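Here are some notes to read alongside the structure. Keep the 3D view open and click on each residue as it comes up.

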Amino acid sequence: MRFSKLFSIAFAAVILSACAHPYSVSPNADKLGPPIQGQQINASVAYIITPEQSSLVVTTPGGGGDKVTYQPYRDIETGFYRVLSNVFTKVTRLKSTTDTDTMAKNNISMIITPTIKTDSSSPSALTWPPTKFTTELTCKVTDKNGQLIFETKVSGNGAAEFDEFKKDFNLTGRRASEDVLLKLQRSLMEAPELKSHIVR
């Protein structure tokens, strides 16, 4: 009887210590400022984030044996759009490459397809928010016929300790998103392949 009670308590402790907490990696748009004014690439581009990607739920480790769950594509999209708008003069969202009417209507010259990978961790045994977060963003840029023009992969990192994130549990994820998006902006702005592929 005593063994059963101890087993039940231990089992409950394991379950409680493996909670998956809702989390967000949405960046602060105010941190995603444009590069030098007047330096935009004069092109009409589109990006593709599918409904399946928007609804994708990812789970990664937090502290205390817990986990965090979030939707990286949905959370990052607003900041992703902001960065693309900083780089290019016109940005349109597509749901797929078969949306030829929208491409023709907006005179799309390049299509940008992002892939997001994330991870998190924390050595803390007392708090669940991760103290470290990494976001890897790969972007393929193709023409409207699917031919590859440019590809870039950038990694963003976010870190915070308890005194910082106790009022913002999402802090490390947000910092990683801001870091990766600003690195993406720099990579796109500096790519000669994109500047040379402008439909005049």
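This is a predicted model: local features need pLDDT of at least 70, side-chain atom pairs count only at pLDDT 80 or more; totals for chains, interfaces and linings use all residues.

1. Now look at how S1 joins in. S1 pairs with strand S4 (residues 67-70) in the parallel sense, over 3 bridges.

2. Next come S6, S7 and S8. Strand S6 (residues 110-121) runs antiparallel to strand S7 (residues 132-142), with 11 bridges between them. One spot to check is threonine 115, which stands opposite threonine 138 in S7. S7 also pairs with strand S8 (residues 148-159), again antiparallel and over 11 bridges. There, glutamate 136 has serine 155 in S8 as its bridge partner.

3. On to a helix. H6 (residues 171-189) has 19 residues and spans 27 Å from its first C-alpha to its last, close to the 27 Å expected at 1.5 Å a residue. Is H6 mostly enclosed or left open? Of its 19 residues, 14 are buried, so H6 is largely enclosed by the rest of the structure.

4. You'll find tyrosine 70 in strand S4. Is tyrosine 70 buried or exposed? Its relative accessibility is 2%, and buried means under 20%, so tyrosine 70 counts as buried. Leaving out neighbours within four places in sequence, its contacts include Tyr23, Leu56, Val58, Asp75 and Phe133. The side chain of tyrosine 70 also makes a polar contact with the side chain of threonine 118, at 2.7 Å. Alanine 20 is 50 residues away along the chain, yet the C-alpha atoms of alanine 20 and tyrosine 70 are separated by 9.8 Å.

5. Threonine 92 is another one to click on. It belongs to strand S5 (residues 88-94). With a relative accessible area of 13%, threonine 92 is buried. Beyond its neighbours within four places in sequence, threonine 92 is in contact with Val45, Ala46, Tyr47, Thr102, Asn106 and Ile108.

6. Finally, the cores. The largest nonpolar core has 38 residues, and Phe80, Phe88, Ile112, Leu137, Leu188 and Leu194 touch the most other members. Strand S2 (41-48), S4, helix H3 (72-87), S5, S6, S7, S8 and H6 each give two or more residues to this core. A second, separate core of 6 residues includes Ala46, Leu94, Met103 and Ile108.

7. What does isoleucine 112 touch, not counting residues up to four places away in sequence? Among them are Val45, Ile48, Phe80, Leu84, Phe88, Cys139 and Val141. Lys140 is also in contact with isoleucine 112.

Notes:
Residues are numbered from 1 along each chain as its sequence is written. Side-chain values use heavy atoms; hydrogens and water are left out. Two strands pair if DSSP finds at least two bridges between them. Helices (H or I, at least four residues) and strands (E, at least two) are DSSP runs, numbered from the N terminus. The expected span of a helix is 1.5 Å times one less than its number of residues. Buried means under 20% relative accessible area, exposed over 50%, partly exposed in between (1.4 Å probe, protein chains only). Contact means heavy atoms within 4.5 Å. A polar contact is a pair of N or O atoms within 3.5 Å; within protein, one must be able to donate a hydrogen and the other to accept it, and residues adjacent in sequence count only if both atoms are side-chain atoms. A nonpolar core is a set of buried Ala, Val, Leu, Ile, Met, Phe, Trp, Tyr and Cys residues joined through side-chain atoms within 4.5 Å.
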